[in-house]
Structures are given as structure tokens and as C-alpha cells.
Amino acid sequence: MTVNNDINAQNKTDNVSELIQPPYLKAGDTIAIVAPSGILKHREREVQQAVDLLKSWGLYAVVGKNVFSKSNHFAGTDEERCADLQNAMDDPKISAIWCARGGYGTVRVLDKLNYIKFRKNPKWIIGYSDITALHNQVHNEGFQSLHALMCVSLTKDIGDVKEAVSTFKSAIFGNPENYILEGSKYNEIGEASGELVGGNLTMLHTMLGSDTSIDTTGKILFIEEIGEYKYHIDRMLQSMKRAGYFDNLNGLVVGDMSRMRTNTTLWGTSVEQLILDALEDYDFPIAFNMPAGHEKDNRALVLGKVVNLKVEKNESKLSYK
């Protein structure tokens, strides 16, 4: 594949668009907790801890009617999970929607959702992993969302996830943090600006060819993953590459690649080198070591907001414009 470097270079400097920002929260606002994905078996403690945490910040919480419902793999039937999400989207008293957990299941309710009332009264959608599917849809509706920890991310000792909690709080109250990332010998040096988009790699790959796939033209893409073989990572990247997903991308930020599985036939390189090899035809900057994904240190990212990415070997800077 050949990339037009002149066009790509122009995109890196000309992109100034930004999605609509839902109102930031203030004391007295209400957050709805919903479960659009996997079952919450024996997770009552974490949900109550989430309610208590919000209360300590001066916020109210309402827990969806079906959060603890059970339907095989899922937190209730598709209809039940969709109903909780739709009710929260439609309710003008709700300022944000916090997903209790990921897993799998959000993609099954996407086409059932109605955004008529949401467009008139947008609110923050919060979560990561499987919730990437919802982030994509919200983006295509024209709104920012928040890639951040979920209720089940909370631990008994909140200090174990202090950075994740702190950056989440800062983001929802209107002070999203800029990041200086640890350097990496794999970093591809450069500087670019654009809307920050993305999330879980598997979910981004799953969206290909659908109305929920995001247009990455002129944007900064963030990816993270968990529990995959390296050849799965390569297969997804190759598929996305063939679909033109990276052709006009301005930059890439790589988060945690957690708990990689070992195949009987070893891949032969690190996952970082795998990513570089898959994207060797492109000249956009690539920053590794973003602490976001399936680890305790899961820093909040405002998706759909314009960022500046400056990548060097010794460190990278990701800052909101």
C-alpha cells in the first residue's frame, strides 16, 4: 500500500474540528449507572462503591433497573439493557451515563438506540473496552465521550486505582489532564493534532463496514487491547489497513496491551514491533506507553476532543488544545 505523504502531512496540521462537548458536571448533578454489556455477577459491592464515590464528589447516582439482571452471558436481555441505556439517554435530569462494566454485549443494542432526545440534551457516556462500540456511535452522532474506568474497576482500596479515579474526576468536572508519557525506543517521532478517537482494538475492528465505524481522517487514534494472541493483533491491524482505516490518520497512541496470550508458534517480535511492522507504510507519529486500558492505571481520555500529540524517543506529550 502506498500512502500519499503530501496529503498526510497536510492533514497533520489542518485539522481543527471538534465534536460537541456535553456539559461538564457540577455538584448536585446526577449520573446514571447502566450495564449494556456483560453480567454483573457478585458485583454489588463495586456498584455501591461507585455510588458512594459519586456521593463523595457531591453527585447523585441512579442505578438502572436492570443492572443486576441476568440473561446468559449478559446483564439482562438485549431489550432490558437497551431500556436502561435509552432511559438514561432520554432523561433530562441525567448529566452522565457511567457503564458498570464491559465484557461483551453493547454491539447487540446499538441499532435499537434512539438519539432524538440525546441530541437535544447531550450527556457524557463513560466507559472503556466493550463500551468502545457506544463511543463510536456517539462520535458519529457528533458528540464527545469519556474513555475511563467503570464501576467494576473500583477496588476495595481505592488507592490501588488512584490515578484512574483522579483523572476520571478531573475530566467529568471539566479539567481533563494532559499527559507526559514514558518514552519508548519504538516511538515514531513527530507532531500532529486532531480529534482523539478510538478505544479497544477488537471493537474498532468489529465496527468495520458498519454505520458505527469511525472516519479516522485527520484524527489521532488511541488503541488498547487485552487477552489476545499477537497474531490476532496483526490480523486486525492488517484488516483495518486493507480497509483504508489508517490512510489519512494523523497519529496513533498505543495504550496497554494487557495479558497477551502465548501461541504455540511464537510470533517472534514484541507487540510494539508488531504494530510498527503492520503500519510501516505510514509516516504519522506513534506514541507507546499511554497508561489507559485494562490495567489499574487507566487514565481518562476525552474522545472527540482535539489534542496535540508530540512524540519523541525519550517522552511523548498528549495535550488538549
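The structure is a predicted model, in which local features need pLDDT of at least 70 and side-chain atom pairs count only at pLDDT 80 or more, while totals for chains, interfaces and linings use all residues. Residues are numbered from 1 along each chain as its sequence is written, and side-chain values use heavy atoms, with hydrogens and water left out. Helices (H or I, at least four residues) and strands (E, at least two) are DSSP runs, numbered from the N terminus.

Strand β3 belongs to an open sheet of six strands with mixed pairing, in the order β2-β1-β3-β4-β5-β11, where two strands pair if DSSP finds at least two bridges between them. The edges of this sheet are taken by β2 (60-63) and β11, each of which has a single partner strand, so one side of each is left without a neighbour in the sheet. On average, neighbouring strands of this sheet are turned by 25° against each other, direction ignored; axes are lines fitted to C-alpha atoms, for helices over the stretch in contact, and angles run from 0 to 180 degrees between N-to-C directions.

Strand β1 (residues 30-34) runs parallel to β3 and is joined to β3 by five bridges, with Trp-98 of β3 as the bridge partner of Ile-33. Three bridges join β3 to strand β4 (residues 124-127), again in parallel, and here Trp-98 has Ile-126 of β4 as its bridge partner. Strand β5 (residues 145-147), by contrast, pairs with β11 in the antiparallel sense over three bridges, and Leu-146 stands opposite Val-302 in β11. Helix α6 (residues 162-172) lies across β1, β3, β4 and β5 and runs at about 170° to β5, contact being heavy atoms within 4.5 Å.

Another open sheet, also with mixed pairing, contains seven strands in the order β6-β13-β12-β7-β8-β9-β10. Its edge strands are β6 and β10, each with a single partner strand, so one side of each is left without a neighbour in the sheet. Within this sheet, strand β12 (residues 306-311) and strand β13 (residues 315-320) run antiparallel and are joined by five bridges, with Lys-310 opposite Lys-317 in β13.

Aromatic rings were examined next. Rings of Phe, Tyr and Trp (its six-membered ring) pair if their centres lie within 6.5 Å, and planes under 30 degrees apart count as stacked, over 60 as edge-to-face and the rest as tilted. By this rule there are 11 aromatic pairs, including the edge-to-face pair of Tyr-186 and Phe-288, at 6.2 Å centre to centre with 65° between the planes. This pair links distant parts of the chain, 102 residues apart, since Tyr-186 lies in the loop between β6 (179-182) and β7 (190-200) and Phe-288 in the loop between β10 (286-287) and β11 (301-303). Both Tyr-186 and Phe-288 are buried. The ring centres of Tyr-282 and Phe-284 are 5.5 Å apart and their planes lie at 20°, so this pair is stacked.

Lys-219, in the loop between α7 (201-206) and β8 (220-226), is buried, with a relative accessible area of 15%. Its C-alpha atom is separated by 4.4 Å from that of Gly-194, although Lys-219 and Gly-194 are 25 residues apart along the chain.

Definitions and conventions:
Buried means under 20% relative accessible area, exposed over 50%, partly exposed in between (1.4 Å probe, protein chains only).
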